[in-house]
Amino acid sequence: EVSMMRRTRWANRTIAFLMVAAGAQVMGCWPLDFSEDGTGGGGGGTGGAGGAEPPACPGDPVADASLVRDGCGIFVSASAAPGGDGSKAKPLQSFGEAVAVAATTNNVPRIYACAESYAETATVTFDRGVEIFGAFTECSGTEGWRWDDSQRATLNGAADQVALTLDGGTSVLRNLNVTAASAVAAGGSSIAVVVSGGLLELTAGELKAQNARDGEAGELLPSDPGLDGDTGDAGVGVCMST
């Protein structure tokens, strides 16, 4: 069951919302297509912004551990030391940092995430697809980073912001939980993921929205006699007997 948003005031036909009720678990693979058929345009593929190419090392890193190496993906670990460069030995501390590194390549970024909890300070946005694998353990040095399918990384979004935005392209989220913080601002929403076009495949993850906030109380305007209408004339009987 896929759900992710309890309440939102947004209305934009180009944005598809995934709504996930608290605790709804995504089991198995859910390929979701958010692309729109063009009218009069060519039938070209699903490339993201800037003509993104496939991941640098094609294949499934869960089945082939040899792909879990530098040059094939960006490594992130919430418990890593500050100042990482995204390598296996010096991972980054957040998905937000990984966005900046991903922007330096033409390939669809692949992220190897340690199964830890990540506190993001802003919306994490990928604009041409992304592959995130979030069940790695023993995330230290170059000999660790072993996949454990029973584990998950958790991306915790900042308050009053969408936790994760996927803006076009083809994306894969595997063993990744995404949790939106409860709204703080009046009238705010809690949104875990926004997908705008493209393809998304979810496997073994949990997308969770917290509480939205009521809007501010309406203002009681003072009485204004000038807004009152004229007094109507008395009614005239129309049913008469003879």
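**Disulfides, strand pairing and salt bridges in a predicted model**

A disulfide joins C114 to C139, with an S to S distance of 2.2 Å. The angle about the S-S bond is 95 degrees, and the link of C114 and C139 is right-handed. C114 has a relative accessibility of 5% and therefore counts as buried. C139, at 16%, lies under the 20% limit and so counts as buried.

A search of the whole structure finds two disulfides. The other one joins C57 to C72, with an S to S distance of 2.0 Å. Both C57 and C72 lie in the loop between strand 2 (25-33) and strand 3 (74-76), 15 residues apart. The torsion about the S-S bond of C57 and C72 is about -80 degrees, so this disulfide is left-handed. C57 counts as buried because its relative accessibility is 11%, and C72 counts as buried because its value is 4%. When bonded cysteines are counted along the chain, the disulfides follow the pattern 1-2, 3-4. In general terms, a disulfide is a covalent bond between the sulfur atoms of two cysteines.

Strand 7 takes part in several pairings. Strand 4 and strand 7 pair in the parallel sense over four bridges, and here I111 stands opposite I132 of strand 7. Strand 7 also pairs in the parallel sense with strand 11 (residues 170-174), over three bridges. In that pairing I132 stands opposite L173 of strand 11. With strand 8, strand 7 pairs in the antiparallel sense over two bridges; the bridge partner of T137 in strand 8 is R146. Strand 7 is mostly covered, six of its seven residues being buried.

The largest nonpolar core has 41 residues. Those with the most contacts inside this core are F95, I111, F126 and V178. Leaving aside residues up to four places away in sequence, F95 touches V76, I111, A113, Y118, E120, V124, F126, I132, L155 and L176.

The structure holds five salt bridges. Side chains of opposite charge can pair when their charged atoms come close. One of the salt bridges is formed by the side chains of E131 and R110, at 3.0 Å from N to O. E131 lies in strand 7 and R110 in strand 4, so the pair ties together parts that are 21 residues apart in sequence. Both E131 and R110 are buried.

Another salt bridge brings together the side chains of R174 and D60, at 3.7 Å from N to O. This pair links distant parts of the chain: R174 is in strand 11 and D60 in the loop between strand 2 and strand 3, 114 residues apart. R174 has a relative accessibility of 21% and so counts as partly exposed. D60 is partly exposed as well, with a relative accessible area of 32%.

R128 forms a salt bridge with D127, the closest N and O atoms being 3.9 Å apart. R128 counts as buried, at 10% relative accessibility, whereas D127 is partly exposed, with a relative accessible area of 41%.

Note on methods. Residues numbered from 1 in each chain as written. Predicted model: local features only at pLDDT ≥ 70, side-chain atom pairs only at ≥ 80, totals over all residues. Heavy atoms only, no water. Core = buried A, V, L, I, M, F, W, Y, C linked by side-chain atoms within 4.5 Å. Buried < 20%, exposed > 50% of the residue type's maximum accessible area, 1.4 Å probe, protein only. Contact = heavy atoms within 4.5 Å. Disulfide = S-S within 2.5 Å. Pairing = 2+ DSSP bridges. Salt bridge = Lys/Arg side-chain N within 4 Å of Asp/Glu carboxyl O.
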